[in-house]
Amino acid sequence: MKKAILLILVVCCLTEISAQILRKSIPDKLVVLTFDDAPASHFSRVAPMLQEYGFGGTFFVCEFPPNSKDSTLYMNWRQIQALDQMGFEVANHTHTHANVSKLTKEEFNQQVGYIEEKCDSLDISIPTNFAYPGYGLNAQSLKFLEDKNYHFARAGGSRPYDPELDHPYLIPSWATDSTNKKEIFEALKMAKNGEIVILTIHGVPDIEHPWVNTPPDMFEEYLTFLKQNDYQVISLRDLEYYVDYAMARKIITPDLNKKLSN
Ligand SMILES: [Zn+2]
């Protein structure tokens with residue numbers, strides 16, 4: 001008898017936690033598309049394709065002043081502003097694609113503050129979400145993000161995101177490249193039973209970083225698959241309809257031992 005009461009208490013308690021973190025239950029076939037590093041192809045190819053399919057997406061922007069020989073390989077700020085005006089999310093990937101795990105708090109604030117100010121000056125919604133450049137992060141990075149009240153931060157890890165288990169600053173994702181089409185299709189099928197699949201996509205194509213190149217035909221295959229199979233494709237910002245990030249931050253202990261890079 002006592003055991004039965006205990007069991008009921010445990011079940012109630014677990015239900016309560018999930019009700020607190022989740023604003024709505026997570027539907028099957030929920031996918032978040034994120035695009036990193038602001039290559040020119042995000043404006044010229046990706047945005048028009050997403051619009052054609054009626055999909056959302058998050059663009060994690062940064063500048064690459066030290067290694068960009070040719071500035072036309074990257075979006076300029078007017079193009080980034082146009083993405084915002086089209087309804088896509090513009091989010092923070094630091095000013096110079098900095099490894100956050102190696103920054104002091106002051107340097108971190110400068111790095112993210114640059115992007116916030118740039119957005120503010122161009123009337124772009126000020127970023128509330130973050131992606132770790134090169135997946136560089138540590139416990140301190142989470143504290144820095146919390147102090148600036150960021151909502152979600154995307155890492156790697158090649159596994160689905162469970163909003164009731166994964167800390168909102170350690171959101172896992174898969175990264176696409178020219179060789180892992182099979183893996184990405186397998187990943188997309190994992191968007192079910194309360195788990196969300198998030199993709200990290202660089203240039204389509206990516207000229208300067210061929211190791212994260214996604215050929216345009218392959219990208220279109222993903223979009224066609226998502227459309228034909230009735231997936232809901234949203235930005236990271238749209239996760240707020242489902243996930244109470246502040247509550248998740250409070251309840252979930254960050255697990256830095258999980259795989260967090262791709
Ligand atoms: Zn990056």
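Predicted model: local features only at pLDDT ≥ 70, side-chain atom pairs only at ≥ 80, totals over all residues.
Residues are numbered from 1 along each chain as its sequence is written. Local features need pLDDT of at least 70, side-chain atom pairs count only at pLDDT 80 or more, and totals for chains, interfaces and linings use all residues.

**Strand β6.** Helices (H or I, at least four residues) and strands (E, at least two) are DSSP runs, numbered from the N terminus. In β6 (residues 171–175), 5 of 5 residues are buried (20 or more other C-beta atoms within 10 Å of the residue's own, with C-beta atoms placed from the backbone). Ile 171, Ser 173 and Ala 175 point one way, Pro 172 and Trp 174 the other. Strands pair if DSSP finds at least two bridges between them.

| Pair | Bridges | Direction |
|---|---|---|
| β5 (residues 152–157) and β6 | 2 bridges | parallel |
| β6 and β7 (residues 197–201) | 2 bridges | parallel |

Arg 154 has Ile 171 of β6 as its bridge partner. Trp 174 is partnered by Leu 199 in β7.

**Helix α4.** Helix α4 (residues 105–121) has 17 residues. A kink of about 25 degrees is centred on Gly 113 (the angle between axes fitted to the seven residues ending there and the seven starting there). Phe 108, Gln 111, Val 112, Ile 115 and Cys 119 are buried. The buried residues of α4 pack against β2 (58–61), β3 (89–92) and α5 (139–147), with contact meaning C-beta atoms, placed from the backbone, within 7 Å. Asp 123 follows α4, with a positive phi near 65 degrees.

**Around Phe 59.** Phe 59 touches residues including Phe 35, Leu 83, Phe 88 and Val 90, not counting residues up to four places away in sequence.

Note on methods:
Buried ≥ 20, exposed ≤ 12 C-beta atoms within 10 Å, placed from the backbone. Contact = placed C-beta atoms within 7 Å. Expected span 1.5 Å × (residues − 1).
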